[in-house]
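Hi everyone, thanks for coming.

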Amino acid sequence: MPATAEDRLGAIKADKERYPRWTLAMVEALPALEAQGRKWFQLYDKIADEKTLAAAWERIEKRTVGEARKRGAGPDAVTVEMFAAVSGVELGKLCKELKEGRYKPSPVRRHYIPKPGSGKMRPLGLPTIRDKVVQEATRGIIEPIWEARFLNASHGFRPGRSTDSACREMEGHLSNAKVWVVDADIKGCFDSIPHETITGLIAKRISDGKVIRLIRSMLEAGVMEEMRVRRTDTGTPQGGVISPLLCNIVLHELDAAMQRAGIACVRYADDFVLLCNEREGAEDALEMAKAALAKTGLEISREKTRIVHLDEGFDFLGWHYQGKQRWPRVSSVKNLKAKIKAKTRRNRPGGIEAIAEELEPLLRGWFNYFRNGNSLNIFAMIDGWLRRRLRSILKKRRKSHSGISSLLDNIRWPIKFFQDKGLFSFVQHLDVFRKAGLSTLPAGR
């Protein structure tokens, strides 16, 4: 893993599109400026520049593809597809409003999505497209300043980092006998961060008052739900382009406290674990984490936080770790099966080839995420379960009263039948993947 600020900033140097206003010389100067504790001035004009806004819009449009271009609108009901038709005019208006100090973010639209692995719903806050553009422009200007100080413990929503890098780092700690794990949960992190904490931490690095006021206006815009606007002095809505960066800025205080105490910490956004050699050390680490978070106005959930030994097992980033192996956690499997069920109801139309084609992106994405673990048994279970669902569809179409798959249906529609129809098979793809020598973990399960 990268160990120095110079190494970490390599991802910024390599991604000119994400940071169009940052020259190579500016990026290379970041470590020295950070070491000197220097502050940054006159950043607002760069955010308000029409070229910065145009580049921000291009990034938003590029990563919003397919049906997503017609969804995810803010309270003004304008989608990416609709904004694209008038982007030239709207970007000019945005630029003028920002430069004249008239820009005012709209409240975000409250939208709920199922929370994986539970019956609960996760609240999102969807900004208007024009507000997303301003947030993206702001992020692109200020993010490198914090990349120079963020630590290796942090992996979520950072250039050059991912859930894979977080898992690799954690497995390195486990292999060094840090087998007592604080499996922690921050209570309502995104909704609970005090605005004063966010702006106060930003002000330590940026002395441009216009930038501070712009970010404060984003935080204070409020949430629209059932035609009512609610404003609070806490929270940065999930769904906002800049929210992950603001969360990382606040939780960097946790990372730094753990590093000073010599405690191994791996964090992906607000999901983190602490790893220790002994239970007593884990108990001390938990108390230190509570104290560090309290300084930011956050707290750990007592109900969802526990100290466990690796032999007992724990969940992290969709995986279940236990002993020397890891495999998809129960809630990850449950969430996948729920999505498959919605696409394989017995009375659904379309041939098996069409159904297989519709399922392929979902199955391939899940496979790519979990292929590096000890997932064979679960992959085989899902393959068999999915074929049974498809056999039930075929049986229902043969005028069967129930449509429930039976043993005889295995003979009528064997595995090869579904292979010929193009159905994605986890087991088959895992075999190809492992034979290619790409697996990084033992294939013992």
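**Aromatic rings, pair by pair**

Let's start with Phe-418, which is buried, at a relative accessible area of 1%. Keep in mind, please, that we are looking at a predicted model.

Now, how many aromatic pairs does a search of the whole structure find? The count is 17. One of them is stacked: Trp-319 with Tyr-369, with 6.2 Å from centre to centre and 25° between the planes. Trp-319 belongs to strand β10, residues 319–322, and Tyr-369 to helix α16, residues 352–370, so this pair ties together parts that are 50 residues apart in sequence. As for accessibility, Trp-319 is buried at 1%, while Tyr-369 is partly exposed at 26%.

Back to Phe-417 and Phe-418, which pair up edge-to-face. Here the centres are 5.1 Å apart and the planes make an angle of 85°.

If you zoom out from Trp-319, you'll find an aromatic cluster that includes Trp-319, Tyr-369, Trp-366 and Phe-433.

Finally, a word on charges. Which ring does the charged end of Arg-326 sit over? That would be the ring of Trp-319, with 4.0 Å to the ring centre. Lys-337 has its charged end over the ring of Trp-385, 4.7 Å from the centre.

That's my tour, and I'm happy to take questions.

Methods. Residues numbered from 1 in each chain as written. Predicted model: local features only at pLDDT ≥ 70, side-chain atom pairs only at ≥ 80, totals over all residues. Heavy atoms only, no water. Phe/Tyr/Trp six-rings, centres within 6.5 Å; stacked < 30°, edge-to-face > 60°. Helix = DSSP H or I, 4+ residues; strand = E, 2+ residues; numbered from the N terminus. Buried < 20%, exposed > 50% of the residue type's maximum accessible area, 1.4 Å probe, protein only. Lys NZ or Arg CZ within 6 Å of the ring centre and 35° of its normal.
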